[in-house]
Amino acid sequence: MAVNKPKEKVLPGDLAMWFFILAELTVFAILFIAFAVTGKLQPQMFSDGKATLHPIAGVINTLALITASYFVALAVSALHHGRQQKAAKLVLWSMLVACIYVVTKLWEYHALGEAGFGISTNTFYMLYFFITFFHFMHVLLGMIILAFVALKANKNGYQDNTNGFVSGAVYWHMVDLVWIILFPLVYII
Amino acid sequence: MLEHYAKKASFSFVLLTGLTVISALLGYLMPMAQTVTASSLLWLVLLTVIIKGWQIVDIFMELKQAPKLWRGLLLGYISILPIIIGLIYWL
């Protein structure tokens with residue numbers, strides 16, 4: 001009689017990447033709590049500051065990162081089925097969509113600069129620029145990692161071990177996860 | 001199998017997109033709302049964050065099949081942090 005073994009639970013990607021992700025998430029959590037506490041202490045300054053932001057740009061950025069993550073998730077699935085070229089193509093699409101985020105964010109910074117707001121204007125802008133730029137740098141790093149894994153997948157470099165590709169994908173999803181909290185905190189609440 | 005995952009990921013993608021639009025609309029209504037309604041809207045927005053986070057962790061990161069500790073850590077993060085933020089603004 002065949003016995004159905006319970007499915008083994010496996011952590012996707014490298015364990016080291018998960019520890020790195022935990023460290024990153026902790027740093028962002030501290031920044032988010034600092035933003036919320038300061039917003040609570042100085043409600044007028046934060047409400048005036050938020051009024052100068054562009055919520056539509058925030059929505060565009062959220063949709064861009066979600067779409068990019070969707071393509072990356074499909075890429076990992078394609079890779080697990082041995083379709084490396086398809087995985088590379090999906091990652092490329094992901095990077096193209098992520099460019100929408102990069103352009104929109106740069107436009108936002110430019111528009112705020114033109115309006116005379118900068119990191120030294122007040123505590124709101126200091127925290128806004130610091131947190132969003134810190135996240136922006138993570139997006140850029142994520143795109144570099146995605147470019148690297150896409151190039152390798154295009155050369156069939158993940159025949160035996162897909163851990164590198166999956167770790168890159170997981171990092172990208174972490175960047176998306178952080179934005180999921182950042183977007184309402186900075187633009188909505 | 002690939003088709004099955006693609007369907008699940010596509011469902012998550014549609015849900016994430018829909019919730020983003022809903023939270024943006026709630027944010028639009030928030031400044032016009034009375035105190036009680038505004039705090040309800042705040043919690044609704046944070047609920048969308050938690051649902052979105054769970055989709056990313058379970059489906060995109062594929063932690064649904066991962067060891068409980070790691071899944072718990074990530075789901076805990078995406079559930080507890082919005083609640084802390086909510087409490088800071090609400091109290």
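A residue counts as buried when its relative accessible area is under 20%. The legends below use that cut-off on a predicted model.

Figure 1. Side chains of opposite charge can pair when their charged atoms come close.

**Figure 2. A salt bridge in chain B pairs D58(B) with R71(B).** Here, too, the closest N and O atoms are 2.8 Å apart. This pair links distant parts of the chain: D58(B) lies in helix 2 of chain B and R71(B) in helix 3, 13 residues apart. D58(B) has a relative accessible area of 8%, so D58(B) is buried. R71(B) has 24% relative accessibility, so R71(B) counts as partly exposed. The search of the whole structure finds two salt bridges over all chains.

**Figure 3. The largest pocket has a volume of about 930 Å³.** Its lining has 29 residues. Closest to the pocket centre are K50(A), I188(A), I189(A), M30(B) and P31(B). The lining divides into 22 nonpolar, five polar and two charged residues. Rolling a probe the size of a water molecule over the atoms shows where empty space is left.

**Figure 4. Helices of chain A and chain B line the largest pocket.** From chain A come helix 1 (15-41), helix 2 (43-51), helix 3 (55-80) and helix 6 (163-188). From chain B come helix 1 (2-29), helix 2 (35-60) and helix 3 (68-90). Each of these helices supplies at least two residues of the lining.

Technical notes:
Residues are numbered from 1 along each chain as its sequence is written. Chains are lettered from A and ligands numbered from 1 in the order in which they are written. This is a predicted model: local features need pLDDT of at least 70, side-chain atom pairs count only at pLDDT 80 or more; totals for chains, interfaces and linings use all residues. Side-chain values use heavy atoms; hydrogens and water are left out. On a 1 Å grid over the protein atoms alone, a cavity is a set of points where a 1.4 Å probe fits but cannot get out, and a pocket is an open set with protein on both sides within 12 Å along at least five of seven lines; lining residues have an atom within 4 Å of a point. Grid points are joined across faces, edges and corners, and a volume is the space filled by probe spheres set on the points. Helices (H or I, at least four residues) and strands (E, at least two) are DSSP runs, numbered from the N terminus. Ala, Val, Leu, Ile, Met, Phe, Trp, Tyr, Cys and Pro count as nonpolar, Asp, Glu, Lys and Arg as charged, and the others, Gly among them, as polar. A salt bridge is a side-chain nitrogen of Lys or Arg within 4 Å of a carboxyl oxygen of Asp or Glu. Buried means under 20% relative accessible area, exposed over 50%, partly exposed in between (1.4 Å probe, protein chains only).
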